[in-house]
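Q: Please take a close look at one part of this structure. I would like the local detail first and the surroundings after it.

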Amino acid sequence: MTTKPQGLWFHVLDILFNIVVIVALVGGIRTFLVSPFQVEGSSMYDTLEDREYIIINKLAFYLGYPERGDIVVFHPPVDHTKYYVKRIIGEPGDEVTIEGGDVFVKRKGEAEAHKLIEPYLTEKNADHTFKHPPASGDTSKIVYDVPEGQYFVLGDNRQGSQDSRSFFDAEGNPIPFVDRSDIKGRVWFVALPIAKVHALEAPTYGF
């Protein structure tokens, strides 16, 4: 039994079909599963460094919710054309207090606040979380009540990070919280440079 030779157009269409399938698969993976980003700036130093490439897990937030300690990529409330990378400190319903250079969290339904022990902070930043502007040295008390469906975020470089302390609208009114719909994924691991490849895990705060 012989097979009829396939024409040129058959091969062209076969190639085009395979290209469409590959593009669709890559697009689906980037949209729903994982996606690469490049870190810009030092706001997460030294957990993440400028120009490192990171891979974010998007599927995690389709299946679950962001949690305290997660490092996330999101659109800031001040500009939805940009992406920021910060650490979640306050979950919906939390009361986050910055006072004396420290961060305290009172979870929803609890009577007492817990001082946040943050081992990922450098010596320069530990016990040096200030009010806006981040390098002000202002240790006076400020309280943030995190609304439902929103999150309070801080950079690990507390004196050099534009984060929830620094988000203001055009009239100068604070808009410190990030909506869950604007959080695009959890940082999974550092991919480049090769010498610094490692996975990132959320800390255990003990409360």
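How many nonpolar, polar and charged residues does the lining of the largest pocket have?

A: By class, the lining of the largest pocket has 7 nonpolar, 7 polar and 2 charged residues. Here Ala, Val, Leu, Ile, Met, Phe, Trp, Tyr, Cys and Pro count as nonpolar, Asp, Glu, Lys and Arg as charged, and the others, Gly among them, as polar.

First, the ground rules. This is a predicted model, where local features need pLDDT of at least 70, side-chain atom pairs count only at pLDDT 80 or more, and totals for chains, interfaces and linings use all residues. Residues are numbered from 1 along each chain as its sequence is written, and side-chain values use heavy atoms, leaving out hydrogens and water.

The largest pocket holds about 300 Å³ of space. A pocket is an open set of points on a 1 Å grid over the protein atoms alone, where a 1.4 Å probe fits, with protein on both sides within 12 Å along at least five of seven lines; lining residues have an atom within 4 Å of a point. Grid points are joined across faces, edges and corners, and the volume is the space filled by probe spheres set on the points.

The lining has 16 residues, and closest to the pocket's centre are Gln 38, Glu 40, Tyr 83, Tyr 84 and Val 85. Strands β1 (34-38) and β4 (84-90) each supply at least two lining residues. β4 gives the most, with 3. Strands (E, at least two residues) are DSSP runs, as are helices (H or I, at least four), numbered from the N terminus.

Now follow β4. It runs antiparallel to β3, joined by 4 bridges; strands pair if DSSP finds at least two bridges between them. Tyr 84 is the bridge partner of Phe 74.

β3 (residues 71-74) is covered on both faces: Ile 71 and Val 73 are buried on one side, Val 72 and Phe 74 on the other. Buried means under 20% relative accessible area (1.4 Å probe, protein chains only). β3 also runs antiparallel to β11 (residues 183-192), with 3 bridges. There, Val 72 stands opposite Arg 186.

Back in β4 sits Arg 87. Arg 87 counts as buried because its relative accessibility is 3%. Not counting residues up to four places away in sequence, its contacts include Asp 70, Ile 71, Asp 156 and Tyr 205. Contact means heavy atoms within 4.5 Å.

Of its 207 residues, 36% count as buried.

Terms used:
Buried < 20%, exposed > 50% of the residue type's maximum accessible area, 1.4 Å probe, protein only.
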